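Dear colleague,

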Amino acid sequence: MLLRLAWATLTRHRMRTLLATLGVAVSAAMLLDMVMLSTGMRASLEDLLLSRGFQLRLAPKGTLPFDTDATIPEASEVIRTLRTVPGVTTISPVLGGQVHVEGVQRTISATALGVDPAVQGDYEITNGRSPSAPNELVASADFLQVSGAQVGDTLSVAAGYDSQLRSFTGRRTMTLVGVAHFLYMAAEQRAVALPLETLQSMEGARARDRVSLFMIKAGENENVDTVLKRIETALPRVSALSTETAMRQLDARLSYFRQLAFILGAVSLGVGFLLVTTLVTVSVNERLGEIVVMRAIGVAKGRIVSQIVIEGIAIMVTGAICGLGLGLVTAKYLNSILAAFPGLPAAIDFFLFEPRAAWTALGLLTGAGILAGVYPSWRGASMPIATTLREEAVG
Amino acid sequence: MSEAAGVLVATDLHREYHMGEDLVHAVRGVTLEIARGDYVAIVGPSGCGKSTLLNLLGGIDRPSEGSVTIEGSRIDRMRDAELTRFRLNHIGFVFQRFYLMPALTAIENVELPMAEARVARDARLARARELLAYVGLGGRRDHRPAQLSGGEQQRVAIARALANRPQLLLADEPTGELDAKTGTEMIALLAQVNRDGTTVVVVTHDEELAGAAKRVVHMRDGVVVDDHRQEPR
């Protein structure tokens, strides 16, 4: 009967209920987006960093991977040392650089990664194969689109531009053997990957036996932090970074983002709460006569409060469910805008949908619905019966 | 009359309340005993305190002084939840403005007190149908209050008041919002309810309604000035 009365009351003022539900839906959509935003980028980046199984990264002392142009010298020696560190199973060196590819009509510049194709963790082949010889490379789809090159083409590739001599330190004729999806590249960033030794050689003396980064896998049963400490002990001249440490550093850098998301999320929740509180208060004031008569005929105060709270929750939950869909659509749209943000990997989702985010938003809104209903309903159910009836009769 | 014999015993009832800065003495020392099966009309000019007295007798207002005992229970001493439960099981209310739940149908309105008393669904549906037939609305049980006339709404209100088989039915100006013809029908219905065993107390300005009662209590300025038995018309 309680549910029946709550439902009947909500459907009695259909337009008002509908408008309130839509208002809550908009508020819920924004809340969901903010919850997704506050956790999405972090979770997405963590997934990205762990996507190829590398839990550790070594960068030049005092830097973050690819944060500066600094490189690690004596890379061969570092690799030899790393192989002696217990728990280290895979070492993937990466050198970042720039190459210039002579096209039919113009020269095209691209970000170049020098890698060990057998153990690399920077790209996934989508067409063709990985380089297996010093004069082979793979490129991103964007590179192919701009250059007009195709898998199997021979390209003239230059690197290491010397502005004093106005010439390249290295030039090779290379074969394009595959198309790759580069995991850490920004959207529409032209990229190629070639064997590490080839890029080091083309970049000249400044890159000889140098790398920008090592990516390292620890054994399955190894404690990553323990391996990290061993590496720091063995190689004090590099900065070792676990995914967890990277995430902590990211957290520090994204604190502004999260604060903004938190504030906007709180505002959304507040708006939803006020909306339902207003609706329930108006509804209770309209029904004071009915409410005190229910009390007079023996309906318990708690039951009346429950019925009105159910009305608030029903609006909140229905609005939240509608808002979930709306939030996902707006998140997708906003994600497509932010994905084009320069310098950020395209694979990062700012608004990553996680069931936890939806449950969090739904839980917060349901809680707000309960709170929104409790005060006005308790106030209404606590009105003195005789006095209220007398005032209702006069009114 | 002893307390045991009376279904309702009110002793030295006072009710004062503030209206702005003024202290209003709405009921001043009323003592009243109502026997089981009686039909009492409380009459008097507007503002004499008769509705306040009815509210005190029904436990929807608390006396400033004095006591109210119904079926041996001191309702003026009960806590709010206990008193609510008592009203549910022992007292039926009928109001001048009907006060049905507009979102519910006639039968759902009658079911409401039974649902609160946790009567099983089948039993309360059967009882609600029986009561609506009793008040002459068997064919309009699925109508909402807005689809019913004033007289029909008041009949539903009476059916609702009788739902939990109360010993006592209290009605405050039950014909106040009805036309003469419908008012007469309502008077007949209340007399029937009384004949069927329910003690009825009505507050009214309506002479015809007062004339149908077995006993008439006259009030003026918060006190009982006359209390006599009569032959119901």
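What follows is a short account of some strands in chain A and of a sheet in chain B.

Please keep in mind that this is a predicted model. In chain A, strand β5, which covers residues 136-140, is mostly covered, since five of its five residues are buried. β5(A) pairs in the parallel sense with strand β7 (residues 167-182) of chain A over five bridges, and Ser140(A) stands opposite Ala180(A) there. Two bridges also join β5(A) to strand β8 (residues 191-195) of chain A, and these two run antiparallel, with Val138(A) opposite Ala193(A).

As background, the strands of a sheet pair through backbone hydrogen bonds, in either a parallel or an antiparallel way.

In chain B, six strands form an open sheet with mixed pairing, in the order β6-β7-β8-β3-β9-β10. Because β6 (91-94) and β10 (223-229) of chain B each have a single partner strand, they stand at the edges, and one side of each is left without a neighbour in the sheet. Within this sheet, strand β3 (residues 39-43) of chain B pairs with β9(B) in the parallel sense over four bridges, and Ala41(B) has Val216(B) as its bridge partner. Helix α6 (residues 180-195) of chain B lies across β3, β7 and β8 of chain B, running at about 150 degrees to β8(B).

Finally, Arg220(B) is found in strand β9 of chain B, and it is partly exposed because 14 other C-beta atoms lie within 10 Å. Although Arg220(B) and Cys48(B) are 172 residues apart in sequence, their C-alpha atoms are 4.8 Å apart in space.

With best wishes

Methods:
Residues numbered from 1 in each chain as written. Chains lettered and ligands numbered in written order. Predicted model: local features only at pLDDT ≥ 70, side-chain atom pairs only at ≥ 80, totals over all residues. Buried ≥ 20, exposed ≤ 12 C-beta atoms within 10 Å, placed from the backbone. Pairing = 2+ DSSP bridges. Contact = placed C-beta atoms within 7 Å. Axes fitted to C-alpha atoms, helices over the stretch in contact; angles between N-to-C directions.
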